[in-house]
Amino acid sequence: MIINGLCADYGSRYCPCILAETGGCVVCSQVNGKDFCDCKASGGICVKEELLRNGGKARPGRETYACEVTTVMHGEGLVFLRVQVPPMLESEVKRPGGFVFVRRQDASSWYDVPISVQYEEMNVGTIGMTILLRGVKTLPFREIAAGDTLLVRGPYMNGLLGLQQLEMQQAGRCLVLAKGIGLLPSVSVARYLQSRRNEVAVCVDEGGFPASIQKFCLDLFELSYEPLTLLDAEGRLSVEVRRRIERFATDGGELIHVGASEYVIRLVADYLASIGRLDVRLSACNNARMCCGEGVCGACTEVTADKRVIHHCKEQVNVRKI
Ligand SMILES: Cc1cc2nc3c(=O)[nH]c(=O)nc-3n(C[C@H](O)[C@H](O)[C@H](O)COP(=O)(O)OP(=O)(O)OC[C@H]3O[C@@H](n4cnc5c(N)ncnc54)[C@H](O)[C@@H]3O)c2cc1C
Ligand code: FES
């Protein structure tokens with residue numbers, strides 16, 4: 001997994017993207033109209049040079065592939081799909097934080113929905129995804145059947161924050177705290193960490209979501225979990241989770257992944273700071289603000305303390321600063 005914290009697309013086959021062409025690149029100061037280079041990119045690829053080489057134009061964006069649905073499993077309020085995808089898309093998107101936009105080919109669905117990619121094995125020609133049937137974008141998947149065609153656009157990489165922290169984590173102890181939709185991308189995180197010889201404990205807050213959804217997701221990926229309530233009635237981190245985090249850190253735990261709302265992510269980061277455990281690495285899901293995934297719609301933008309406009313869909317933001 002190669003992660004560039006400056007931009008999820010930097011140096012990929014989608015770079016330079018439309019942002020470079022229009023002077024809004026998140027990496028290169030020169031394509032944004034400045035005379036000097038203050039680029040911190042360490043990948044050895046100059047965005048300006050790539051743009052010039054491409055005639056001043058962005059590289060073609062992500063393709064949409066018409067893919068056959070090979071497996072459909074219905075659970076209470078959800079559907080799990082396995083979808084046949086081209087080998088290139090499979091190899092690029094099967095990693096923590098990988099996601100695709102999906103739409104049914106027939107007229108019942110007209111809006112592309114971002115969905116996290118779940119996987120057990122590489123190079124099998126398919127990707128997995130669990131869609132919670134909730135509202136306007138996801139309910140059209142209720143009646144999907146094996147053999148149907150799904151339009152899949154991807155790969156997108158920035159579905160998690162703290163990707164570098166995950167990449168660094170090897171042969172240690174990790175804790176995954178998940179709630180609601182945040183459980184879905186966290187499944188791949190747990191599996192990824194296990195594949196790197198880490199001991200992974202998964203704690204799931206069962207509140208709000210039918211228990212069958214959690215059981216379905218975790219059984220499918222053979223992950224055992226402890227139920228753990230993340231927030232108390234006043235909206236603070238519960239006593240149980242504070243104890244769990246403290247015990248984890250004292251016992252040499254190295255990384256906590258939080259698959260929950262930004263509010264919970266912030267509480268966990270603040271709690272670690274309050275007990276003086278800034279050494280514990282943090283990663284988290286990045287789905288609260290994302291919409292287009294391309295740095296274009298502005299849904300995920302934020303102005304930082306140093307007056308920089310950042311795009312959560314493109315950049316890796318320090319989990320401790322969200
Ligand atoms: C990078 C990324 C990965 C995602 N992965 C998955 C996935 O694997 N499976 C999946 O089912 N959905 C996933 N989502 C969310 C999905 O794209 C839809 O936004 C969501 O399913 C609701 O869409 P809707 O129109 O059906 O419901 P809406 O009518 O928009 O919402 C119905 C309910 O769901 C809540 N909700 C909507 N979006 C989110 C969100 N992002 N996080 C938490 N609660 C939310 C709303 O507050 C509301 O209560 C992901 C989103 C992103 C950005
Ligand atoms: S999601 Fe549209 S700009 Fe980031």
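Strand E8 is mostly covered, with six of its seven residues buried. A residue counts as buried if 20 or more other C-beta atoms lie within 10 Å of its own, as exposed if 12 or fewer do, and as partly exposed in between, with C-beta atoms placed from the backbone. Strands (E, at least two residues) and helices (H or I, at least four) are DSSP runs, numbered from the N terminus. This is a predicted model, in which local features need pLDDT of at least 70 and side-chain atom pairs count only at pLDDT 80 or more, while totals for chains, interfaces and linings use all residues. Residues are numbered from 1 along each chain as its sequence is written, and chains are lettered from A and ligands numbered from 1 in the order in which they are written.

The chain is divided into domain 1 (1-60), domain 2 (63-156) and domain 3 (160-321). These bounds come from an automatic or database domain assignment. The centres of domain 1 and domain 2, taken over C-alpha atoms, are separated by 29 Å.

Return now to E8, which spans residues 173-179. Two strands pair if DSSP finds at least two bridges between them. E8 runs parallel to strand E9 (residues 199-205), and seven bridges join the two. Right-handed here means that, with the strands pointing away from the viewer, the path from the first strand over the helix to the second runs clockwise.

E8 also runs parallel to E11, to which five bridges join it. Leu-175 has Ile-256 in E11 as its bridge partner, and Val-176 stands opposite His-257. How many residues of strand E11 (residues 255-259) are buried? Five of the five are, so E11 is largely enclosed by the rest of the structure. Leu-255, His-257 and Gly-259 point one way from the strand, Ile-256 and Val-258 point the other way, and all of them are buried.

Next to consider is strand E12 (residues 281-285), which runs parallel to E11 and is joined to it by four bridges. Leu-255 has Arg-281 in E12 as its bridge partner. Between E11 and E12 the chain crosses through helix H8 (residues 262-274), again as a right-handed β-α-β crossover.

Another sheet is built with antiparallel pairing: six strands form an open sheet in the order E4-E3-E6-E1-E2-E5. Strand E4 (113-116) and strand E5 (126-132) are its edge strands, each pairing on one side only. From one strand to the next the twist averages 40 degrees; axes are lines fitted to C-alpha atoms, for helices over the stretch in contact, and angles run from 0 to 180 degrees between N-to-C directions. Strand E3 (residues 99-104) is joined to E4 over four antiparallel bridges. In that pair, Phe-99 has Ser-116 in E4 as its bridge partner.

Some details of the backbone remain. The peptide bond between Gly-154 and Pro-155 is cis, with omega about 5 degrees, and Pro-155 lies in strand E6. A cis bond also leads from Cys-15 to Pro-16, with omega near 5 degrees; Pro-16 lies in the segment before helix H1 (18-21).

Ala-171, in the loop between helix H4 (163-168) and E8, has a positive phi of about 45 degrees although it is not a glycine. Is Ala-171 buried or exposed? Ala-171 counts as exposed because it has 9 C-beta neighbours inside 10 Å. Arg-197, in the loop between H5 and E9, is not a glycine either, and its phi is positive at about 60 degrees. Arg-197 is exposed, with 10 other C-beta atoms within 10 Å.
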